[in-house]
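User: I've got a model open and want a quick tour of its packing. Can you walk me through it?

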Amino acid sequence: MRTSVRTLLATALVLGVAAGPALGPAVAAQPATAARPAQDAGLAKTMAAAIAGLPRADATAALVRVGGTEGAWQGSSGVRDLESGAPADPAGRFRAGSVTKVFTAATVLLLAAERRIDLDRPARAYLPDLVPARYSRVTVRQLLNHTHGIPAADLPDRTVEEAYEHRFDVHTPEELVRSATAQPREFRPGTRQHYLNIGYTIAGLIVERVTGDSYERQVERRILRPLGLGDTYLPGGASEISGPYNHGYQSMRLGDGTTGLRDVSAWGTSDAWAAGDLVSTTADLERFTRALFAGRVVRGPLLEEMFTLPEVTDLETGAPAAYSVGLSMKRLGGREVWGKTGGRWGYNAAIGSTRDGSRTLVYGVNSTDAKGRDANPTALGVMVAAYGLPD
């Protein structure tokens, strides 16, 4: 973890994540509220401090759940929307971003358990019409652990203002794959790691090819319905969030030349699809996390794929690989924490757990710069409060 991020984490913890003033005089900061008593008073104090005082410059709302044998806490802070100033709905839905990858990886592993997908088989064997010969050695496992060497799709690199203007543009998965695979490979498959969405886009298409069904229905049938995740869904082409939700806002240049917040709750997700379009709640994601780590979603040796880091280095930083199949690993507070973060405009989300499930964490933070270069201070403060500083 970079020094700047370590400093942010420490500062967030000490200052109670004081990232700036409340957003506008008409919206008063909402106190953090706990939905149930904590098993650990220290946990309650630190978690409440981590999300207190919203809305402010970096976030307008935060929903958090901590669970496991070490203590439990639920809380929310901030507002449902800046116009009304009503308190944030702790059961509200939010965009989970790349947390979607955990669901996609689990679906592929379930199909592998049925011998319908072979993790060591080339992706081209399943999608010969989409994956060209130059990528003939890329395996399904390499798609899932980001060691495939396929570059990102060649989408316009827009400013946030331009992205907002094009927020309803539609991209098919096939279009994204053709764009990516038309480019030279970044590295020989299996030799480096580069975290990108494209591997999961291809994996979603493989799910469809081997089942003859849509990716969305397969995730619903294999994961959402069995676990009773009734507030979680994959939106497909829909840009609106269905059901109750807390509005997401993005800081950007406005029409009058000033910088302010726009409501970005409605935003298309076809550029992410199987890599990042999930909508969920903290309650559903907590249930999913507990089930996953307990071996009730993926079982046996295939589950270990999610807790096995490839023995390669990161393409950009040269650091040891941090991503497994579906998950990532960080050392926080002297122990390994496995999970996944995600970001869509207006929303940051994460699931995490120790390997033994002794402490789980789920959060949804309505970030005002969710896809910015720096990590969101409120989200960082929540992570530190749950697990401690990075080693």
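Contacts and packing

Analyst: Start with Leu43. Setting aside neighbours within four places in sequence, Leu43 is in contact with Val66, Gly71, Ala72, Trp73, Arg359 and Ala385. Contact means heavy atoms within 4.5 Å.

User: What kind of model is this, and what cut-offs apply?

Analyst: This is a predicted model, so local features need pLDDT of at least 70 and side-chain atom pairs count only at pLDDT 80 or more, while totals for chains, interfaces and linings use all residues. Residues are numbered from 1 along each chain as its sequence is written, and side-chain values use heavy atoms, with hydrogens and water left out.

User: Back to Leu43. Buried or exposed?

Analyst: Leu43 is buried, with a relative accessible area of 5%. Buried means under 20% relative accessible area, exposed over 50%, and partly exposed in between (1.4 Å probe, protein chains only). Leu43 lies in helix H2. Helices (H or I, at least four residues) and strands (E, at least two) are DSSP runs, numbered from the N terminus.

User: How far is Leu43 from Leu261, C-alpha to C-alpha?

Analyst: Those C-alpha atoms are separated by 32 Å, and the two residues are 218 residues apart along the chain.

User: OK, cores. How many residues are in the largest nonpolar core?

Analyst: The largest nonpolar core has 73 residues. Phe103, Ile202, Ile206, Ile223, Phe288, Val297 and Met306 have the most contacts inside that core. Helix H3 (residues 100–113) gives the largest share, nine residues. A nonpolar core is a set of buried Ala, Val, Leu, Ile, Met, Phe, Trp, Tyr and Cys residues joined through side-chain atoms within 4.5 Å.

User: What does Phe288 contact?

Analyst: Leaving out neighbours within four places in sequence, Phe288 contacts Val102, Phe103, Ile223, Leu227, Leu229, Val297 and Ile351.

User: Switching to helices. At what angle do H7 and H8 cross?

Analyst: Roughly 130°, and the axes of H7 (residues 173–181) and H8 (residues 198–211) come within 10 Å. That makes H7 oblique to H8. Axes are lines fitted to C-alpha atoms, for helices over the stretch in contact, and angles run from 0 to 180 degrees between N-to-C directions. Angles under 35 degrees count as roughly parallel, over 145 as roughly antiparallel, 65 to 115 as roughly perpendicular and the rest as oblique.

User: Which residues meet there?

Analyst: From H7, Pro173, Glu174, Leu176, Val177 and Ala180. From H8, Ile198, Thr201, Ile202 and Leu205. The residues of that contact divide into seven nonpolar, one polar and one charged. Ala, Val, Leu, Ile, Met, Phe, Trp, Tyr, Cys and Pro count as nonpolar, Asp, Glu, Lys and Arg as charged, and the others, Gly among them, as polar.

User: And H3 against H8, what angle?

Analyst: H3 and H8 pack at about 40°, with their axes 10 Å apart. Lys101, Thr104, Ala105, Thr107, Val108 and Leu111 of H3 make the contact with Tyr200, Ala203, Val207, Val210 and Thr211 of H8. By class, the H3 contact with H8 has seven nonpolar, three polar and one charged residues.

User: A lysine in there. Is Lys101 buried or exposed?

Analyst: Lys101 counts as buried, at 0% relative accessibility. Ignoring neighbours within four places in sequence, Lys101 is in contact with His146, Tyr195, Leu196, Asn197, Tyr200, Ala274, Ala275, Gly326 and Lys340. Lys101 and Asp277 are 9.3 Å apart in space, C-alpha to C-alpha, and 176 residues apart in sequence.

User: Now backbone. Which peptide bond is cis?

Analyst: The one from Leu54 to Pro55 is cis, with omega near 5°. Pro55 is found in the loop between helix H2 (41–51) and strand E2 (59–67).

User: Where is Trp273?

Analyst: In the loop between strand E7 (259–263) and strand E8 (278–280).
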